[in-house]
Amino acid sequence: MRFVTNLPYATKEEEHVVIPMSDGVELSARIWRPTSSDSEPVPAVLEYIPYRKRDLTAVRDSIHHPYIAGHGYACVRVDIRGTGESEGVLEDEYLEQEQRDAEEILAWLAEQPWCDGSTGMMGISWGAFAALQVAARQPPSLRGVVIASFTDDRHADDMHYMGGALLSDNLAEAGTMFAYGTCPPDPAVVGERWREMWHERLEHTRPWVLEWLRHQRRDDYWRHASVCENYQAVRCPVLASSGWADGYSNAVTRLLGNLDVPRKGLIGPWSHKFPHLGEPGPAIGYLQEVVRWWDHWLKGVDNGVMDGPMLQTWMQESVPPSTSYEERPGRWIGEPAWPSPHVHDVTHPLTPHHVGPPLDSAEQRECVPESEPMTVQSPLSVGQFAGKWASYNAPPDLPYDQREEDGGSLVFDSDPLTEPLEILGSPTVELDLSVSEPIGMVAARLSDLSPDGRATRVSYGILNLTRLDSTSEPAPLEPGRRYRATVQLNGVGQAFPRGHRIRLSLSTSYWPLAWPPPRPVLLSVYAGSSTLTLPVRPTGDPGEMPPSPFGEPEGTPPLASTQLTPREERWDVKRDLVGYGAELEIVKDRGMVRIEDVGLDVGLRAHERYTAVAEDFTSVSGESAWTMRFRREDWDVRVETRTRLTSDEGEFFVDATLDGYEGDKRVFSRTWNERVPRDLL
């Protein structure tokens with residue numbers, strides 16, 4: 001990344017600005033803006049997240065907010081109610097209160113003497129959710145949003161559920177927010193009130209996983225703030241981006257296809273990162289694109305930002321399987337619209353262990369011979385090399401070689417490709433199937449199979465079969481009865497070379513990425529009437545773009561920080577061949593880091609552990625433990641949280657603890673032991 005200091009506008013920073021809410025709660029903001037805005041007002045751009053602007057995101061924020069401010073904007077970073085130095089309690093994600101607060105913040109910004117009355121919102125992950133959700137509420141000053149790594153569908157395409165199946169990230173993310181939501185404000189900012197504010201958070205916080213487990217169907221809880229419920233509510237321009245390695249690889253194209261406003265999409269090879277910090281690379285000059293977007297939509301500059309393709313995306317080339325890549329080889333391509341006129345669905349029949357040549361007509365489909373059912377009952381070990389639902393690339397968390405996973409799966413291989421093949425979009429698998437139990441799931445994986453046998457997962461999808469007809473009104477399955485099920489895989493841009501094969505793998509478990517059904521399930525697939533459909537893009541490349549359509553990544557120099565203790569990152573798969581236990585252990589420890597600007601030492605350690613014993617589907621267990629520490633000469637505080645999720649055939653069990661410490665003295669402790677019925681899951 002190139003760090004720049006010579007920007008069009010000289011800027012100043014206000015480290016702590018209080019924004020009052022109508023109910024008396026005060027939110028804390030950090031503001032960077034041109035010094036000239038005292039007399040020449042500028043548009044304001046808001047990033048609104050719960051991740052602590054003074055310390056935990058301070059270094060990241062210093063790279064892009066001063067950069068955008070230096071191009072003539074007031075950049076405002078606000079901690080959501082109950083986080084950082086903002087008053088109140090953070091009770092859950094995307095609540096009505098959170099969105100009302102955002103509207104009040106935008107109204108406050110528009111009224112400031114240094115603001116010209118126009119506002120925008122930007123962010124990644126929670127910040128992108130917030131921006132898109134607030135855009136659907138149409139606040140009068142909001143002129144556009146810039147969002148990265150997000151979803152428009154909180155139930156079907158978030159870290160909670162996938163195809164109606166419970167994701168382990170539902171537990172992991174709840175563990176993350178259990179820790180972040182109980183951290184204290186900094187007494188250097190709020191003074192002696194810090195302890196009172198901290199204990200209010202400790203007293204009123206509950207493990208969010210309890211609420212998320214109580215909504216196992218698509219209901220009003222998930223419909224709230226899911227923009228897909230009414231795309232027409234969004235009336236401002238949208239610049240949306242994500243990465244193929246991210247869990248949020250699908251929403252960009254859905255917005256492009258469903259919004260009726262000026263919009264652009266960008267999908268790179270990245271994990272859950274801003275594109276200018278993109279890993280795997282190549283990272284791009286994203287902030288330059290953001291400034292162009294704001295210049296046009298907030299300042300009215302005729303800069304051609306809407307010229308060119310609606311979607312710019314990275315077509316990934318074939319790579320050997322690895323849990324981490326520094327760079328993903330490929331090339332940029334452009335699509336004039338979405339759905340793209342260049343992409344066409346091509347359907348392949350599934351015959352025993354084989355992906356057949358394309359079916360050109362309905363008549364050809366009817367001619368595929370019926371076959372005896374193929375069966376599989378996957379062991380719980382299938383899924384140990386699946387990686388994270390959303391890759392963060394720290395520790396390395398991408399899926400590894402799928403050959404061990406395929407040993408417990410039903411596998412279909414194509415013939416070696418005689419010509420290169422490229423796909424762009426979401427593959428789908430249509431299965432004619434039956435199951436042995438009233439509750440079951442199927443995981444479908446698409447892999448690039450190289451001539452030497454290595455299998456690199458390209459995409460995957462999961463379906464809880466009790467949600468065949470409806471995710472809001474599921475129904476138990478009738479064992480032995482034949483059903484038709486459609487499994488949609490995650491969107492991807494992938495090139496398969498000549499000589500490689502395409503592999504489809506089906507399994508009845510995918511632990512620990514997804515929580516398994518209560519009992520092992522024997523799945524029968526009638527291959528002759530099942531299909532794989534690929535979104536094929538011609539290799540002639542009608543949307544070929546220049547090799548480097550984006551500039552080098554830029555940003556302002558990051559705040560000074562010092563690594564005081566070493567970082568630790570681990571991703572360990574363990575198997576006990578005496579007791580038949582299996583374990584996945586994940587450690588992400590940032591060590592202690594000093595933020596020099598505020599003289600504060602910050603430590604963050606996350607530890608996840610997922611276990612199972614033999615083929616006992618009720619033995620699975622997930623645990624998320626966090627330690628957050630804040631320290632300076634006269635102040636040393638830490639929060640320790642632990643959340644453990646287990647189940648039997650009828651219920652989930654949540655055991656959680658929350659402890660707060662001042663120095664070595666524990667000043668708060670609470671324990672939860674609760675159960676939630678399984679709802680056909």
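Analyst: The second largest cavity is lined by S168, D169, G383, G387, K388, W389, P512, L513, W571, L584, I586 and Y610. A cavity is a set of points, on a 1 Å grid over the protein atoms alone, where a 1.4 Å probe fits but cannot get out, and a lining residue has an atom within 4 Å of a point. This is a predicted model, in which local features need pLDDT of at least 70 and side-chain atom pairs count only at pLDDT 80 or more, while totals for chains, interfaces and linings use all residues. Residues are numbered from 1 along each chain as its sequence is written, and side-chain values use heavy atoms, without hydrogens or water.

The space in the second largest cavity comes to about 80 Å³. Such a volume is the space filled by probe spheres set on the grid points, which are joined across faces, edges and corners. The lining of this cavity divides into 7 nonpolar, 3 polar and 2 charged residues. Here Ala, Val, Leu, Ile, Met, Phe, Trp, Tyr, Cys and Pro are nonpolar, Asp, Glu, Lys and Arg are charged, and the others, Gly among them, are polar.

D169, one of the lining residues, belongs to helix α4, residues 169–180. Helices (H or I, at least four residues) and strands (E, at least two) are DSSP runs numbered from the N terminus. D169 counts as buried because its relative accessibility is 7%; buried means under 20% relative accessible area, exposed over 50%, and partly exposed in between, with a 1.4 Å probe and protein chains only. Leaving aside residues up to four places away in sequence, D169 touches M159, A174, K388, W389 and A390, where contact means heavy atoms within 4.5 Å.

The largest cavity has a volume of about 410 Å³. Its lining has 31 residues, and W244, A245, P399, R457 and V458 lie nearest its centre. Strands β21 and β23 (492–496) are the elements that give two or more residues to this lining. The largest share, 5 residues, comes from β21. By class, the lining of the largest cavity has 13 nonpolar, 11 polar and 7 charged residues.

Strand β21 (455–464) also gives two or more residues to the lining of the second largest pocket, as do β8 (161–162) and β22 (483–488). A pocket, unlike a cavity, is an open set of points with protein on both sides within 12 Å along at least five of seven lines. The second largest pocket has a volume of about 540 Å³. Of its 27 lining residues, A156, M162, G163, I462 and Q488 are the closest to its centre. The largest share of this lining, 5 residues, comes from β22. The classes here are 11 nonpolar, 9 polar and 7 charged.

In helix α9 (residues 251–258), A251, V252, T253, L255 and L256 are buried. The cover over those residues includes α3 (126–135), β7 (142–148), β10 (238–243), β11 (263–268) and β12 (311–316). Helix α3 is itself largely enclosed by the rest of the structure, because 10 of its 10 residues are buried.

Helices α1 (residues 58–69) and α10 (residues 286–299) have axes that come within 11 Å and cross at roughly 35°. The axes are lines fitted to C-alpha atoms over the stretch in contact, and angles run from 0 to 180 degrees between N-to-C directions. I63, H64, Y67 and I68 of α1 meet L287, Q288, V290, V291 and W294 of α10. That contact has 7 nonpolar, 2 polar and no charged residues.

A few backbone details remain. Most residues other than glycine have a negative phi, and most peptide bonds are trans. A cis peptide bond joins G281 and P282, with omega about 10°, and P282 sits in the loop between β11 and α10. The bond from W338 to P339 is also cis, with omega near 0°. Y94 has a positive phi, near 60°, and counts as buried because its relative accessibility is 4%. A225 is not a glycine either, yet has a positive phi of about 70°.
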